[in-house]
Amino acid sequence: MAEFLQHLINGLMIGGIYALMGIGLTLIFGIMNIVNFSHGEFYMLGAFGVLTLFTMMGIPYLLALLLSAVFFLLFGAVVERGILRPLQNQPVDVAMLATIGLSIFLSNLALIIWDPTPKDIGMPFPLIGINVGPITLTPIRVFIFVAAMLLILGSHMFLRNTRFGKAIRATFQDREAAALMGINTNTVNMVTFSWGTSIAAIAGGLLGPIFQVFPTMGAIVSAKSFAVVIAGGLGNFPGAILAGLLLGVAESLGAGYISSGYRDAIAFILIIVVLIVRPTGILGKARRLG
Amino acid sequence: MTRRKISILFILLGIGIAFSLPQFVQSNYVLRIAVASGLFILLASAHNILMKVGQLSLGPVAFYGLGAYVSAILSTRYGVPFVICFLAAGVSAAVAGWIIGRLTLKLRIAYFVLVTIGFAEFFRLVALNWTAMTNGPMGITAIPAPALWFKGYAMYYYFILFLVLIVLFGLYRLENSTIGRAMQAIRENEVLGQSVGIDSYRYMMLAAVLSSFIIGIAGSFYAHFFQFLGPEILSFELTITIVVMVIAGGRATLAGPVLGAILFTIIPELLRAATVWRMVIYGALLVTIMLFMPDGIMPSLVSVYQKLRNRFRPAGEPSDLRTTLEIFDTMPQNTGCRQEQFAVSTERCDKEEICKEASLIVEDLCVYFGGVHAVEHVSLSVYPGEILAIIGPNGAGKTTLLNAITRLGPITSGMVHYLGEELNALKAHETAHRHIVRTFQHTSVFPNLTTYRNMVLAHNALEPTGLVTNVFRTSGWHDAEQEIRRRADEILEFTNLKQYVDCVASSLPYGAQRLLEMGIALVADPNLLLLDEPAAGMNPTEVEALMELILRIKKMGITVVLVEHDMKLVMGISDRVAVINYGELLAEGTPEEICQDDKVIQAYLGRCFDDAQTL
């Protein structure tokens, strides 16, 4: 039982990160109709951002995280303006291929800058175990989960309670109608994309201290974020959160009790099953945001 | 020289160079790249078949890996001869394509893209973890050569060249066949395709099976060429390579993937000089190509060529307006024979009068969308030879009714009969095969193709010819093609669209696009034609022409059901009018009766339009 709970808790922590990646990806798809293959690369770059600032330059971890988040906010805006906006009237696969090109570009650039050997970010928090009943928690894991949940909640509040959040939700419902109501849908695109990029980078910076950091780490996370987005229903915000947590737990339990070799297969089996049985995602049809 | 002759010359020259390559080049390195190019031409062209029906898959490696593993395991573990391994690879991949197709082809665009990634990754993880069969990450070694006399790269080179030529020839023949055109129709406008009788699921399945078969045999070639096989063959990077070749080369064209495959095999080799920067440059190049040539390199080259040609063309020669897709179109030219008027099918009434017995009977039809009762207990009969107008306020359920009849929309309860046959269980394309054809409220044509091509696509739905007939052009093929052309010409004349024959449909004036819609429907040979607001957005002159056209259609013995708001048109040409409000049938009768009907005046007409004009 204690082992089961431990797997569950670990699963929730990873699941929180998957959910974080998933909401960005699902929103970018819902608003911009772009299947963004460079999402995993932003995650990887976020981890390297923290590695550079925190480990190499000695800036405090939280500040490093914040600085890298701000940097990727700008970076996302540049990518949107320079690559995605010119392609927004092209077929879906053109923008998709452009993001694939960007992902190849970024991961190989990272390979040159930081070389391929996996690196340790180092531990920003004391390495002590807190025993809560039969399970052991470490401060970093608690921090990751809490930070992920806060970011998700923050995004939700932003979409729900601000004027711009309202504009984003309107664009999500009907781009043309929103434009006719005076919403600048280009700005909505840019904000959505740079917000998604920044949140992916934060996810990388959060998870970096637990795992090692290397230039090709984005690929598998990218694939899993897709699994989360599909399972939650494309463009479905609450669906992505639920699916992210579920995937994390399923993987953790699967690796613990079945076989760790097939752990990564769980995400893909999830994609296949959900799309065939319930193509609208686990939460059903509701096209709802925030 | 005509463009066709130039094309043929270029192709022959290319084949000549390809055949003599091993004579000039002794370097194994170059030959190896040439073999890799050939392999990628196979993969990209096969993957492109799915693009022809508008589906982007990111899982071609699933079939590639499957073919390779089947072939490798059969030959190393069971000593099966190469020929059988080779075919088994193709067949097993085709079967997998069929199964995955059955599961996924109802999905579209992003969903389809992502589920195909799922399958490919799943296959990869099986190859990695099922060590008993696949040797896992160690891979299968010492896979035998296809035959003992296969020595040196030149042998493999000729083998792959042979495969490439066969596949390209087959694909070329398909391009200009009923199958190729049906696929084009699905890609351009799936719903319109269905409404003229194209079974999109069937053609998508055909595309999936054909594509996976070719990829499967390419996998077998891979295994026996490299003689080593590991799970890397199932990597996502390889998928990307193939997709890049197809899209950057020019999706859904014949030459695009070939050019893409050659370029993107050679470019990474050239970039080796750039060492660590190689993939960085590759990624940047990909982004650049997408930004500046979103249709792909081949179509861009073709359009540059056309621009040059038009600039230097002698005065008086018509400009080149045909779309790039038709650049290699070698269909027999129109012979202009039109000895007979359109044949009138036997089900139609011979005389120009209305039959007494109804052909279409709608019985107690209800269509509900959740709590919305769009059509509520409507019963309606349509008599052969008449023009029946259905009018009513917006949102009254008129289009929903048409959708239910043509099976593009759902039926909650009730019955639709046509000539004694129940339509409820049919699919949309099957109603077209019963000669029930419709047009759409919002202009619906095949937008990126010429008017002529639009017409030709619509015909091909009715008498599809098989794969073998089209690839080998057996007897009957020429007659069938001739008939299609003749009919397209006839309808062009009938709808007065001759002047636009070579113009791209989306560039036509609005009125002409609406006529084109009617033309497309007429090519599909209707006995019952359902028009959904044909006059919407037309100016008075265009409406006049439309009225005249509909009357001529009626004269040919085609029954017309017309949903329309233009009262001049409705009252001017209808034999009967049915009024629908809130999903219910309000009144039914001759135009005069409807004009006098108090309920109708209250619900919809206000004052009848005659009075309105006199006042």
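In chain B, the centres of domain 2 and domain 3, taken over C-alpha atoms, are separated by 26 Å; domain bounds come from an automatic or database domain assignment. This is a predicted model, in which local features need pLDDT of at least 70 and side-chain atom pairs count only at pLDDT 80 or more, while totals for chains, interfaces and linings use all residues. Residues are numbered from 1 along each chain as its sequence is written, and chains are lettered from A in the order in which they are written.

**Domains of chain B**
- The assignment gives domain 1 (35-235), domain 2 (351-435 + 526-615) and domain 3 (444-525).
- Nine residues from domain 2 and 10 residues from domain 3 make up their contact (C-beta atoms, placed from the backbone, within 7 Å).

**The sheet of chain B**
- Four strands form an open, antiparallel sheet in the order 2-1-4-5 (strands are DSSP runs of E, at least two residues, and helices are runs of H or I, at least four, numbered from the N terminus; two strands pair if DSSP finds at least two bridges between them).
- Strand 2 (372-382) and strand 5 (421-422) are the edge strands, each pairing on one side only.
- Strand 1 (residues 360-369) is joined to strand 4 (residues 413-418) by five bridges.
- C366(B) has S413(B) in strand 4 as its bridge partner.

**Contact with chain A**
- Here 32 residues of chain B meet 35 residues of chain A.
- Helix 5 (109-129), helix 11 (236-250) and helix 13 (278-292) of chain B each supply at least two residues to this side.
- Helix 5 of chain B gives the most, with 13 residues.

Notes. Two residues are in contact if their C-beta atoms, placed from the backbone, lie within 7 Å.
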